[in-house]
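Dear colleague,

My notes on its interfaces come after it.

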Amino acid sequence: MNPFSNEPVLDLRRGEVRESLTAALTGVERSLPLRVPVLIGDQSGAGEGIESLDPGRPSRVVAVAGTASASDVDAAVTAAGRGHREWGGRSAEERAAVLLRAAGVLRARRAPLAALQVLECAKPWAEADADVCEAIDFLEYYARQAVELAAGRELIQVPGERNTMTYRPLGVVAVISPWNFPLAIPCGMVAAALATGNAVVLKPAEQAPGSALMLAEALREAGVPAEALALLPGYGEAGQALVRHPGVHAIAFTGSGAVGLEIVRTAAETPDEQGHVKRVVAEMGGKNAVIVDSDADLDEAVPAIVRSAFVYAGQKCSAAARILAHEAIADPLLERLAGAVEVLRVGQAGTFGTDVPPVIEREAQERVERYAALAGAEGRVVARQDELPEPGFFCAPTVACDLPEASAVLTEEVFGPLVAVERVGDVEEATDRIEASPFALTGGLFSRNPRTVELVARRSPVGNLYVNRHITGAMVGRQPFGGNRRSGVGAKAGGPDYLLQFVGPHVVTENTMRHGLVVE
Amino acid sequence: MVDEGELERRIREIGGALERALPSRARHPVRSLDERAMQLASEDAELKAALFRFVDVTPACRSLDDLSRHLAGFLGEVEQTPPPLRVAMRMAETGPGRAVLGAASARGVRHMAHRFIVGESPRAALGVLGGLWDGGAASSVDLLGEATVTAAEADRYAVRCSDALETLAQACAAWPERPALERDSAGPLPRANLSVKVSALTPLLRPEAPEVGRDDAARRLRPLLRRARDLGAHLHIDMESLDSLETTLELVFELLDEHELADGPSAGIVLQAYLRDSAEQLDRILAWARASGRRPALTVRLVKGAYWDHEVVEARQHGWAPPVFEDKRESDRNFEALTRRLLDARPLVRVAVASHNLRSVAHAIGYNRTRGGADEDLELQVLRGLGDDLLHALTRQDLRVRAYCPVGDMVAGMAYLVRRLLENTANDSFLSEQARGADLDRLLAAP
């Protein structure tokens, strides 16, 4: 295998590239609605029950998905138990070959896969394309990592004793994935579990079943046995049943903190018939802060903050929500940030040049509006676009400031195009405020003093700190991604340690002395 | 067809004459200090990084104390610190030491900046511009500014440009006549000349949607073109990174085709020879010029391109093939190929060749003469601060030369200054080769 390298994103500066994407969009539009069945082994249930809508044109149904029942969950886990025995029995190289083939299948479908995200999740083109690339990266990266891991670890050897340490799959992994990275995040969790020999039951977010189906199809086409990968579209109940099921060995989850903690609680219950302790890999929310020191270059900081806070309408767990600005530059920063937000282009995800697309659903729109109103009541709104396109679940990009420290706008995850600016006396004070937060996912720092960079890097609790750049867009192998504290369990997706979450270590010590003779 | 052997002989001759006309280095003792700093920087990558980071942060520092702390921080990252800088680091350990060090280094950076930036405002630059004119060189003013991220900033830049046109036109009117700088075979050449940047005219540059930035910038560029027309000034639209190339080309073509701008002003565009597909861009420019038939003819300024590092890094981070030639010689060869195509395309376009590379300049002059072109129909351009010696030599040879003169305050000028320093300390640059004393035959060899 050649060494891993990231799948290059499309160069959207090129007109012919844009044209090919627009053509793909038309093609996908014609095939709507997609039917997303419950897939268990060779069985495929009817795809009806859940409708996923185009957030930019809610009258359009993008996919019609089945709703997995409690018995579907049971059947899927039972089948996965069998699938695990077959799939886990193959060598790491064989499994890696299948995953690399799946990467090839996705690569061949990059344009339609991105187009589907534009329609199903209102992801603007650049973001949709990057998501497809990241999915390919996860397959390519974990396939290689798993082969490396299969060689085991070196242990100390003494005469007359042979020690080996190897890693084995856990069994059945339940993957519960969000809608905001509709292909990459489920693909990452599924690929990690499969690469290490587990069978997977995937329960995708009800807002994005179409992309999950594309993922399952690609993996099965590439040679993942039907019983080693089940697809259970459905609502939260299906996920709960899956987490509770005693046949599940590990749960890989990415989503909200509330659901994540509920999973941790449920998974901890260990009924008598369950012969193992469940493991939970949970990536949850953030309330990510960017510190802007007095020596920051605002020419760089302002565009980077805008990008971090408003791209994909702020619907990334890594998005910037708080800006902690040194008082010496807070006023010019606020003025320039407000001006930059006022010219953001709010529009349809499929239109090139759109900065802020609609949010995923009405509920999200209402939530963001509640926080924006609260920001106006408790503080000051310095930028907000009044006119929004119709139809679609659009939210006005908003910048707020002068909020009391306890304001919910500063402490709760909004997950929308809203950013709040706070003044601080110095970087130490900013770091104190960040330390007081239970979230620790991403963070940013703008400073041109190497000593300040060193100080913040040492004190910041976040999983991913970005210095003098935007704080979103982690790349597989370059920025292993994941949070600490209440933002996550510390597993770093796309990093060298991630696969350890999906295996159990086994050590064998053999006595190689026979009658005083070493028989190695 | 051109007799290449004959042309090469000519290039040597022209290059040799230019070299002899260069002022001797010893006559500029004041310059030697930053020359030495730049020399030191070009020999040590870590030191270069420290120097650039320091220059870059200088205007953002709140006090001399703050400035010294930054300097010490940067130098702390240099593994092998030269002795004078170790003294600086020790000075940074005490309050009074920091004040002295801060004042000294601030002076150093200001001195460096003044070499490249001719004044804080167009009015303040008039003395330098008039001096250039008296010495036989024309100028183009470039207004440095902070990045444009808001509509208000774009508006302010447009107002500054409009004011600059006014100031320049008014002041130029009093300059003495210089026929060599005011006319070529196609007609009169405006004295007042302003270069503008599209990225400063709109906060809406979207590489994936060129029409968005084009339409927004057009709202501000159109009145500037009108103003230039009414004042009889030349307006040159600069080229920046590849992210804004399509926007810039479309913007210029579209506006110059508008009915009210059909007869003026004199306007120009830039072609960057380091871009792999610059030949196709020239096709587009010439096709437009042919179709439009606009007069006065579009001036095309040929440059190597100043965003090489940016383009290469951006491409590498995205896993793309770099859009620029990675071997400098390829850029140089392409520069000569484009020079020839441009000179052959006259009178469809006016040609300005902007380079500090003696070979590239001598090639343009030699090719033009070989083809029977008049010297007056080839403009040569240099950057203020970097190309001063070459400008001097070119004027002594009675060639038509224009200096590109950035104007603005230090905060605004820092990005420009850092780019120029980068250029000046790049190991493979013509200027550093020249500074290292490479022999004339090597400097003038065909790339």
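Predicted model: local features only at pLDDT ≥ 70, side-chain atom pairs only at ≥ 80, totals over all residues.

Residues are numbered from 1 along each chain as its sequence is written, chains are lettered from A in the order in which they are written, and side-chain values use heavy atoms, without hydrogens and water.

Chain A and chain B bury about 2600 Å² between them, with 53% of it on carbon and sulfur atoms (buried area is the accessible area, 1.4 Å probe, that two parts lose on being put together, summed over both). On the chain A side, R13(A), R336(A) and R448(A) lose the most area, together 27% of what that side buries. Six salt bridges cross this interface (a side-chain nitrogen of Lys or Arg within 4 Å of a carboxyl oxygen of Asp or Glu). R448(A) forms a salt bridge with D56(B), at 2.9 Å from N to O.

Chain B is divided into domain 1 (44-113) and domain 2 (119-443), with bounds from an automatic or database domain assignment. Their C-alpha centres lie 34 Å apart. The two domains bury about 890 Å² between them, 87% of it on carbon and sulfur atoms. K48(B), F52(B) and P59(B) supply 51% of the area that domain 1 buries against domain 2, more than any other three residues. Between these domains the count of salt bridges is zero.

With kind regards
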